[in-house]
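Reader: Please walk me through this fold. I want cut-offs with every term.

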Amino acid sequence: MSRHEHPIQRMLTANAQWAEDVQRAEPSFFEQSAKGQSPHTLWIGCADSRVPDSIVTGSKPGEIFVHRNIANQLKLDDYNALSVLRYAVDYLGVEHVVVVGHTECGGAAACLAAAQDVNLDLDKPIATVGSLPPDSSLNRWLEPLTRLAVSLELSSTPHEEALPLVVEENVKMQVENLAKTHAITEAWTKGTRKGQDVWIHGWVYDISTGKLRDLNVSRGPPPKKPLAETPVCAEPEEYIPVDEPVYGQPSDYIHVDNALPYYYEEPEEYNPIKAGPAHYGVSEEYAQVDKPPKAGPIQVFA
Ligand SMILES: [Zn+2]
């Protein structure tokens with residue numbers, strides 16, 4: 001195969017060879033793949049070509065369900081991402097959802113640069129990419145991340161020090177958002193259709209080393225203890241169950257009141273969060289509750 005071969009032809013040629021190699025090495029692989037998928041993980045990552053999920057994790061086709069976009073966003077008004085999440089959690093049975101940022105992220109770098117611009121006017125729509133109008137799709141997409149970068153107060157921090165901070169805080173913000181989605185809060189309070197536990201995680205991939213770093217912001221379902229032994233039972237009034245989704249309505253929008261994060265590494269820090277601030281960068285209309293929350297008994301998994 002020539003290095004100078006047209007990239008399209010090179011990809012097709014390489015694919016044919018790959019399929020042959022796999023067929024030879026594992027004759028039943030494609031036959032089994034065709035029967036269905038049961039990925040263990042949903043990867044929410046950046047579209048950056050240098051962070052290919054399956055390759056950097058040594059995974060085979062069928063192991064990772066993937067949603068990628070510019071700067072690995074999980075927005076609470078994004079039907080694309082929310083539908084991927086819902087399908088992965090409830091119909092494919094993924095046990096892990098991982099938000100993966102990466103070093104040298106162009107999206108994050110653009111947002112940082114805009115945030116460090118002394119002429120930035122936060123009262124107006126932000127043109128993160130100055131060559132495009134503020135209402136262009138790319139600028140609308142990047143605006144919440146630019147506002148997050150502004151909140152980090154990095155105006156006098158050198159770019160090379162500030163960018164890793166934006167990347168990391170972005171991942172943490174998207175994990176926060178994940179914890180507010182219906183798909184995740186329902187998995188933690190009611191369980192999933194397939195009955196698996198679901199954990200969420202935040203990682204950063206280092207492009208210069210090829211290594212993934214765990215930010216230790218993982219959360220998972222409540223401890224599986226008998227009701228009487230579960231500390232949270234002492235205060236049943238603290239619990240607000242998530243309502244059934246109402247079909248035809250935006251049921252995947254967040255229930256701010258119902259976000260119930262559980263920190264599996266430090267269970268003693270368990271503390272159901274009641275009403276909290278709306279997601280940064282998402283207007284109140286997206287924090288709507290489908291139906292008024294009602295108090296009820298604590299649900300504990302058997
Ligand atoms: Zn990126």
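The questions below go from the overall fold to single residues.

Author: This is a predicted model: local features need pLDDT of at least 70, side-chain atom pairs count only at pLDDT 80 or more, and totals for chains, interfaces and linings use all residues. Residues are numbered from 1 along each chain as its sequence is written.

Reader: What pattern does the chain follow along the sequence?

Author: Helices (H or I, at least four residues) and strands (E, at least two) are DSSP runs, numbered from the N terminus. The chain has 8 helices and 5 strands. Read along the sequence, the pattern is α-α-β-α-β-α-β-α-α-α-α-β-β.

Reader: What percentage of the residues in the chain count as buried?

Author: A residue is buried if 20 or more other C-beta atoms lie within 10 Å of its own, exposed if 12 or fewer, and partly exposed in between; the C-beta atoms are placed from the backbone. The chain has 302 residues. The buried share is 31%.

Reader: Which are the edge strands of the sheet?

Author: Two strands pair if DSSP finds at least two bridges between them. The open sheet of 5 strands has mixed pairing and the order β2-β1-β3-β4-β5. An edge strand pairs on one side only, and here these are β2 (64–69) and β5.

Reader: What is the average twist from one strand to the next?

Author: Axes are lines fitted to C-alpha atoms, for helices over the stretch in contact, and angles run from 0 to 180 degrees between N-to-C directions. From one strand to the next, the twist averages 25 degrees.

Reader: Which helix packs on the sheet, touching β1, β3 and β4?

Author: Contact here requires C-beta atoms, placed from the backbone, within 7 Å. The helix touches β1 (41–46), β3 (96–102) and β4, and its direction makes about 155 degrees with that of β3. The helix is α7.

Reader: Is Leu163 buried or exposed?

Author: Leu163 is found in α7. Leaving out residues up to four places away in sequence, Leu163 touches Ala108, Ala109 and Leu112. Because 21 other C-beta atoms lie within 10 Å, Leu163 is buried.

Reader: How are α5 and α6 oriented to each other?

Author: The axes of α5 (residues 106–115) and α6 come within 8 Å and cross at roughly 55 degrees. Angles under 35 degrees count as roughly parallel, over 145 as roughly antiparallel, 65 to 115 as roughly perpendicular and the rest as oblique. Contact residues include Ala108 and Cys111 of α5, and Leu142 and Leu145 of α6. The two helices are therefore oblique.

Reader: How many of the residues of α8 are buried?

Author: α8 (residues 182–189) is mostly covered. Its buried residues, among them His182, Glu186 and Trp188, pack against α4 (79–92), α7 and β4. Gly191 follows α8 and has a positive phi, near 95 degrees. The buried count for α8 is 7 of 8.

Reader: Is Glu153 buried or exposed?

Author: Glu153 lies in the loop between α6 (137–151) and α7. Its phi is near 55 degrees, a positive value in a residue other than glycine. With 10 other C-beta atoms within 10 Å, Glu153 is exposed.

Reader: And where is Asn216 placed?

Author: Asn216 also has a phi near 55 degrees, a positive value in a residue other than glycine. Asn216 counts as exposed because it has 11 C-beta neighbours inside 10 Å. Its place is the segment after β5 (211–214).

Definitions and conventions:
Two residues are in contact if their C-beta atoms, placed from the backbone, lie within 7 Å.
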